[in-house]
Amino acid sequence: MPPILILSVSAFRRLYSVSLTPLRGLTVLVGLLAAGCSGTKFIPENARLYTGGTVQVKSPAPVPNEAVLTTELEGVLTPKPNASILGLRPKLYFWHLGEGKTKGLGHWLADKYGEKPVLLSEVDTQKVKKLMVNRLTNRGYFKPGVGSKVQVKGRTATVDYTAFVDRPYLIKEIHFPERDTLIDRAIRATQAQTLLKAGDPYNLQTLVNERTRIDGVLKNQGYYYFAPDYLLFEVDSTLDNQVNIYLKVKGSVPRRAAQPYVLSRVALNTDYSLSDTASLGRKPIIYQKYRYFPDEVMFKAKAITNATFLYPDSVYRRRRSDQTLSRLMSLGTFKFVDIHFRPDRSVADSAGYGHLVSNVRMTQVPKKSLRAEVLLVSKSNGFVGPGFRLQFRNRSALRGAEQLLVNVTGAFENQTRANTNTIGLTSYELGADAQLLVPRLITPPFDIRLVNSDFQPRTSFGAGYKYIQRLEAFQEDVFNLNYGYTWKTRLTNEQELRPIDLQYIRLGTVSDQFQDLLDSSPFLANSFRQQFILGSSYRYTYNQQALEQRRNQIYFSGGVEGSGNLAYLLNSLAGQTKVTNPDGSQAYRVLKQQFSQYTKVDLELRNYFRTSADPTSGNKLATRLLIGAGVPYLNSNVLPYLKQYGVGGPNSVRAFQARGVGPGTYRAPAASETQFYDQVGDIRIEANVEYRQDLFPYVKGALFMDAGNIWLVNNDPSRMTVDASGTADGRNGQFTFSRFLQEMAVGAGAGLRIDAQVLVIRLDAAYPLRFPYSTNEIRGTGNEVIYEAQKINLASPRLNIAIGYPF
């Protein structure tokens, strides 16, 4: 603010020789602050600070969509006034600090945060009025009038504009070309989809859009050289507030633009390079009429033609050209792809059709690569620690653009906990997996190509093994085998179907301490049981985040997974005998091993609303809702442990430790060593809201609130829950529709995100606002129950360090 603002109240008394009460002194300070920051102090003498303008539309008849029209007219007001906040213009003060300076703090502040005053003398009202007349005419308000009036108030001024219009002109008739030529007949054939409707107001933008629409249709019917500028609209406005529109092809249109074209030849060069002149003399392979260069050493011709939708001897279609570019790039084997068309002068025109030669040129990415990464592992279960991944990639393993990925991974993880009297919280993992991605749908005997999709469908085959060692707890082996399909029909839509998703979980060495835990909790023992997961799954994802210009973006993912249903049916039909488990339950087996049977549904809905109109702004309100439920039945009474839900941690309800919430109102005793393992469930409901704000380059701030919990489908006596009065709750963590909102854990906090584009480091501090269990925390076990009043300790928030955004 101006230097005078730093004077004390006593200084003002001496300066003005008056006696000021504290309230009157504060009033003077505020007045000077307003004068300084309003900007009027820094404008030249006899000048006025321009503070904006208003627009009013007047008409003897109702104006359709008046608010939209007014907004459009306001958009031509120039210049833009200085930015203001509650009538204050601090940017003008910063500009004043650097006025006449070429360096120093004042110059830096002016350059970084300052703004030169916008004066009334800079307003060209005649130019603005002409622009308004143009906009009104384009909207069908012919012969409008626009007036302006300057309003002066002190050292500031505004300009008020008034637009005088009559009723808008409406479209009476639309006439398409009537000549009997190929181009006119093609244009007439598009009339059913025209954007011009009789009775609609005349609008120039609609005419522009209609030209673009017709050009798009013609481009897909062979008219390669046609352009929207070759179309002409003649408008007859001599009627009473009505117009007749005549669409014509300009007489000066070139001959080649007025005829359709056929692809006489299509050449595919998979090893194109600007510096490679030797390829020009190579003799191509002829495959299904394609001229294929250079040979099939790297790629079989069939693999490339399957992703090519430009066919020899077919009519040129821009849609197929764009689709070919997208499909070839999505193979992941080419760095650049372009398509060049030229007239084929070796073939004479016939039946009014010309001929084109198409050259599809592809520049390869190196076939094989080896990549090593050192990672900071951050999991939703709360484990963090260093890790590594070594990946080998072959981008054409079988000469058909199949991508083979072989990964070797390892991690050392530790879940930091305030209570160190726990078991199994230090983990070692080592794994290897391989995945083969085939760029087509393998669905014998059918050949499904999804010819209307721009995206290459894939069939995946995968296999892997992971060794898990939880110190002082258990060792586990996990084997997996899967087969499935992934495809997209649009940029925003993706679907994944896995008919086969097999896992075998083998529990190896178990510590005495962990065995005691399993013995005391049959539910937990069953979830850790050595078993097969004979799964199949389907997932649909709708994601608007790729549409970066949208201010409001929606993300939805819904999946369903089932296991053991077919195996149970076959065992039942075959009359197999069930085997009795140690807990007394009976189950069918496959290869002498019990299999898990369940159905699981997961839904996730996110919404991202950008508060700024600037598409590059990171200021947004992000919300998320997670709903998941897994129901074990027939061959199982509990989900496998790795399929169960947990709530709490850096990507969940951040005010609580990982897997520190639920199920239901269950609260593990303070001395217990089991909470990390038994605070899991079959049902999850979680909601998050987070406001993200740009602070500095690469640094963002956030305010957030999280809520959620998990529940059980079946009663678990070992996880006794207690209500607010301390009475045992017989539901023992089971879900009840009438009470689930009362059992939600709620937390809130703030955080920083260091966003370097390729890596996001997230720091969050969160406080619990509501506990799902009793306000008196249970301490002790068995018949010894002690209650301690829980308090929110604002001095000791729960700190979370993670990689990436939580959602």
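Which residues have the most contacts inside the largest nonpolar core? Some notes on that and a few other spots.

1. Ground rules. This is a predicted model, where local features need pLDDT of at least 70 and side-chain atom pairs count only at pLDDT 80 or more, while totals for chains, interfaces and linings use all residues. Numbering starts from 1 along each chain as its sequence is written, and side-chain values use heavy atoms, with hydrogens and water left out.

2. The cores. Ile187, Leu218, Leu268, Ile304, Leu328, Val360 and Met362 have the most contacts inside the largest nonpolar core, which has 45 residues. A core here is a set of buried Ala, Val, Leu, Ile, Met, Phe, Trp, Tyr and Cys residues joined through side-chain atoms within 4.5 Å; buried means under 20% relative accessible area, exposed over 50%, and partly exposed in between (1.4 Å probe, protein chains only). Another core, of 19 residues, lies apart from it and includes Tyr50, Val55, Leu69 and Tyr141.

3. The open sheet. Three strands line up as E4-E6-E5, with mixed pairing. Strands are DSSP E runs of at least two residues, helices are H or I runs of at least four, and both are numbered from the N terminus; two strands pair if DSSP finds at least two bridges between them. E4 (170–175) and E5 (231–236) are the edge strands, each with a single partner, so one side of each has no neighbour in the sheet. E5 and E6 (residues 242–249) run antiparallel and are joined by six bridges; in one of them, Val235 has Ile245 of E6 as its partner.

4. The helix over the sheet. H8 (residues 204–219) lies across E5 and E6, at about 145° to E5. Axes are lines fitted to C-alpha atoms, for helices over the stretch in contact, with angles from 0 to 180 degrees between N-to-C directions.

5. H4 against H5. The axes of H4 (residues 90–97) and H5 (residues 105–113) come within 7 Å and cross at roughly 145°. Lys91, Phe94, Trp95 and Leu97 of H4 meet Gly106, Leu109, Ala110 and Tyr113 of H5.

6. Arg188. Buried or partly exposed? Arg188, in helix H7 (residues 182–188), counts as partly exposed at 29% relative accessibility. Its C-alpha is 7.9 Å from that of Glu178, ten residues apart along the chain.

Notes: Contact means heavy atoms within 4.5 Å.
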